[in-house]
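Please open the structure in your viewer and keep the sequence panel beside it. The tour moves from one selection to the next, and each stop says what to select and what is found there.

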Amino acid sequence: MLGVIVGIGLALCERLLTENSQIRLCLACRNMQRAEAARSALLTSHTGACVDLLHLDVGSVRSVLTAAKEVKTRYRKIDFLYLNAGIMPNPQVDIRAFIKGLFSRNVINMFATAEGLLTQQDHLNSDGLQEVFATNLFGHFLMIRELEPLLCQAGHTSRVVWTSSSNARRSAFDIEDMQHRNGTEPYSSSKYASDMLSLALNRQKNSQGLFSSVICPGLVMTNLTYGILPSFFWTLIMPIMWLIRIFTNTFTLTPYNGAEALHWLFLQAPESLDPRAKYHSLTSGLGTNYTEPQRMDIDEEMSEALYKKLLKLETVVRRKLSEENADNKAYQQYLNETE
């Protein structure tokens, strides 16, 4: 089962079907027109493949619960759950710092992590949650919780794979403000939180057959990336990026290359993987793709604290949905208490 089916998600589907044409894919997407287009493209190149569609807005609690209910009626088990849906709303770039970094020794790291350059303007969604937190983290967490009967079965091994980012930084996350209400880097905060949650899931669920992994696709040119800077700017700097690629392996650039670690994990025995590693998609200057693990800067106690806070938040939002005439002020107070 896969999330967003454009860019890296669609490239992964192509690679999985090339690896094994008998697997059954379920594409979960908010935009069903895009889902239909992706399904048609996959069936054109892989005639006879089994590709299902599922409507899912991972940023909406109601949508997640409805989609999970549908999944449980369709399938008896899930082998892989790829969590690659994510948003970066209204990205703002410090142009002066960008130009300065472009002609400095720090240019590669600047492109690879966007550290010190990128901020976003977040807002509340219809559930009263910060939109980036809800979409990039909590919706995925709730989906896993709902699908535990299909993921955690006796004698069955299942995998959850998170698409994280090199922009996931510990300095952007505050356990006392897990939704990042008071900061300007909600994307970085949410991605670091997903790294921590993956570690917590392994501690909580490995004994039940569920294993979690985290990947970084590298610098990939997707709709999300192109939304950071004006199109003319990308046109100007693209030759520089291809030149830099000769000297660094993190510039994967294409969705196919970015999906390398996702595909590599599909072929690995989960017991052999390091739960504290982030698996990076890398591309050499000659265009060779490979995967390399890198140790994550994760505090185990903080990851457990995050897991407990998410469980508490889950209880709060479920309570809200179960009370048709719930007092919104009381609900907001409950939300604040989870921070």
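Which residues point one way from strand 8, and which the other way? The model you are looking at is predicted, and a selection of strand 8, residues 277–283, gives the answer: A277, Y279, S281 and T283 point one way, whereas K278, H280 and L282 point the other way, and all are buried. The strand is thus a mostly covered one, with 7 of its 7 residues buried.

Now select H280 by itself, which is found in strand 8. Is H280 buried or exposed? Its relative accessibility is 12%, and because buried means under 20%, H280 counts as buried. Leaving aside the neighbours within four places in sequence, H280 is in contact with C216, A261, Y290, T291, E292 and Q294. If you draw a distance from H280 to E292, which lies 12 residues apart from it along the chain, the C-alpha atoms are separated by 5.3 Å.

**The nonpolar cores**

Move on to the largest nonpolar core, which has 51 residues, and colour F138, I144, W162, L197, L306 and L310, the members that touch the most other members. The largest share of this core, 8 residues, comes from helix 6, residues 131–146. In soluble globular proteins, nonpolar side chains tend to be buried together.

What does L306 touch? Not counting residues up to four places away in sequence, L306 touches F173, I175, M178, A193, M196 and L197. There is also a second, separate core of 28 residues, and I8, L16, L53 and L265 are among its members.

While helix 6 is in view, select G139, which has its place in that helix. At 4% relative accessibility, G139 counts as buried, and it touches V58, V64 and A134 when residues up to four places away in sequence are not counted. The C-alpha atoms of G139 and L83 are separated by 9.9 Å, although the two residues are 56 residues apart along the chain.

**Two helices**

Select helix 1, residues 8–19, whose 12 residues reach 16 Å from the first C-alpha to the last, close to the 16 Å expected at 1.5 Å a residue. Its buried residues are I8, G9, A11, L12, C13, R15, L16 and L17. To see what these buried residues pack against, show strand 1 (24–29), helix 2 (32–45), strand 2 (50–55), strand 3 (80–83), helix 11 (255–258) and helix 12 (260–266).

Then select helix 8, residues 186–205, where 20 residues reach 27 Å from the first C-alpha to the last, close to the 28 Å expected at 1.5 Å a residue. Helix 8 is mostly covered, with 18 of its 20 residues buried.

**Aromatic rings and cysteines**

For the next stop, show the aromatic side chains, among which a search of the whole structure finds 7 aromatic pairs. The rings of F80 and Y82 have their centres 5.8 Å apart and their planes at 10°, so this pair is stacked, and both F80 and Y82 are buried. Elsewhere, F133, F138, F141 and Y307 form one aromatic cluster.

Select the cysteines next: how many disulfides does the structure hold? There are 0 disulfides, and C26, for example, is in none, the nearest cysteine sulfur being that of C50, 9.5 Å away. C26 is buried, with a relative accessible area of 5%, and C152, at 18% relative accessibility, counts as buried as well.

**Stepping back**

Finally, clear the selections and view the whole protein, which has 14 helices and 9 strands. Buried residues make up 56% of its 339 residues, and among contacts between residues at least 6 apart in sequence, 72% join residues at least 24 apart.

Methods:
Residues numbered from 1 in each chain as written. Predicted model: local features only at pLDDT ≥ 70, side-chain atom pairs only at ≥ 80, totals over all residues. Heavy atoms only, no water. Buried < 20%, exposed > 50% of the residue type's maximum accessible area, 1.4 Å probe, protein only. Helix = DSSP H or I, 4+ residues; strand = E, 2+ residues; numbered from the N terminus. Core = buried A, V, L, I, M, F, W, Y, C linked by side-chain atoms within 4.5 Å. Contact = heavy atoms within 4.5 Å. Disulfide = S-S within 2.5 Å. Expected span 1.5 Å × (residues − 1). Phe/Tyr/Trp six-rings, centres within 6.5 Å; stacked < 30°, edge-to-face > 60°.
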